[in-house]
Amino acid sequence: RLKARLGWSDADDGTFWIGLKDFCASFAQLYVCKIPNPSWAHAEVQGEWRGESAGGCSNYDTVGANPQWSITIGERPVACLVCLAQADARGTDLDGDGVEDEPFPIGLSVVYKRGERVRKLYASDWCARTAPFRNTREVSLDVTLEPRSGGATTTYTLLPSTFEPGQERNFRIRVFSDRPVEVAPLR
């Protein structure tokens, strides 16, 4: 009945039908990929957690050492898809322990600090965050950023981090938005 309601037909088009019981027996994970609207604006920045800039998450006093970016919006709310992707570690042994590296647990926070660097995080600062930290190559946030200051612009802070300090890796942040935003590094 569901096949008929969905208008599904058994065609040679690369799609297939599988019952839930068979799906669960055959697959352990399901990955849903959100594809942003092609008309949305796009900004991309590269970064790295290295040495002192590998500050770890907000459980640690070193969270403020992580690389950070400002994201500035105009007078109207902006729908954003913000993606944090760490460099692919498969096939590498960067730490020299003889074991193939795996992705670090990573997370991304959007914080309202009026565009200033995060030094310490309080619960009231968070606007959105990925949670819990996951050892996966990429995490993303689907968030609507609201104007706050009553002025022409509002500036938030993007804070990417690994879970623990000292976890070193290159990463990329991509911001897709229904209106143009300005993304700039915070020193």
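Is Arg90 buried or exposed? Arg90 is exposed, with a relative accessible area of 62%; buried means under 20%, exposed over 50% and partly exposed in between, for a 1.4 Å probe and protein chains only.

The model is predicted, so local features need pLDDT of at least 70 and side-chain atom pairs pLDDT 80 or more, while totals for chains, interfaces and linings use all residues. Residues are numbered from 1 along each chain as its sequence is written, and side-chain values use heavy atoms, without hydrogens and water.

**View 1. Arg90 and its contacts.** Arg90 lies in the loop between strand 3 and strand 4. Strands (E, at least two residues) and helices (H or I, at least four) are DSSP runs, numbered from the N terminus. Neighbours within four places in sequence aside, Arg90 is in contact with Glu100 and Asp101, where contact means heavy atoms within 4.5 Å. Arg90 and Asp101 are 11 residues apart in sequence, and their C-alpha atoms are 6.3 Å apart.

**View 2. The largest pocket.** This pocket has a volume of about 490 Å³. A pocket is an open set of points on a 1 Å grid over the protein atoms alone, where a 1.4 Å probe fits, with protein on both sides within 12 Å along at least five of seven lines; lining residues have an atom within 4 Å of a point. Grid points are joined across faces, edges and corners, and the volume is the space filled by probe spheres set on them. The lining has 20 residues, and Tyr31, Val32, Cys33, Glu138 and Ser140 are the closest to the pocket centre. Strand 3 (78-86), strand 7 (138-145) and strand 9 (169-177) each give two or more residues to the lining; the largest share, five residues, comes from strand 7. By type, the lining holds 12 nonpolar, three polar and five charged residues. Here Ala, Val, Leu, Ile, Met, Phe, Trp, Tyr, Cys and Pro count as nonpolar, Asp, Glu, Lys and Arg as charged, and the others, Gly among them, as polar.

**View 3. The largest nonpolar core.** In soluble globular proteins, nonpolar side chains tend to be buried together. A nonpolar core is a set of buried Ala, Val, Leu, Ile, Met, Phe, Trp, Tyr and Cys residues joined through side-chain atoms within 4.5 Å. The largest one has 27 residues, of which Val82, Leu84, Leu145, Leu158, Ile173 and Val175 touch the most other members. Elements that supply at least two residues of this core include strand 1 (41-49), strand 2 (68-73) and strand 8 (154-162). Beyond four places in sequence, Leu158 touches several residues, among them Pro67, Trp69, Ile71, Val82 and Ile173.

**View 4. Salt bridges.** Side chains of opposite charge can pair when their charged atoms come close. The structure holds five salt bridges, each a side-chain nitrogen of Lys or Arg within 4 Å of a carboxyl oxygen of Asp or Glu. In one of them, Asp142 pairs with Lys34, with the closest N and O atoms 2.5 Å apart. Asp142 is in strand 7 and Lys34 in the loop between helix 2 (20-26) and strand 1, 108 residues apart. Asp142 counts as exposed, at 53% relative accessibility, and Lys34 as partly exposed, at 45%.

**View 5. The salt bridge of Asp125 and Lys113.** The closest N and O atoms of this pair are 3.1 Å apart. Asp125 counts as buried because its relative accessibility is 10%.
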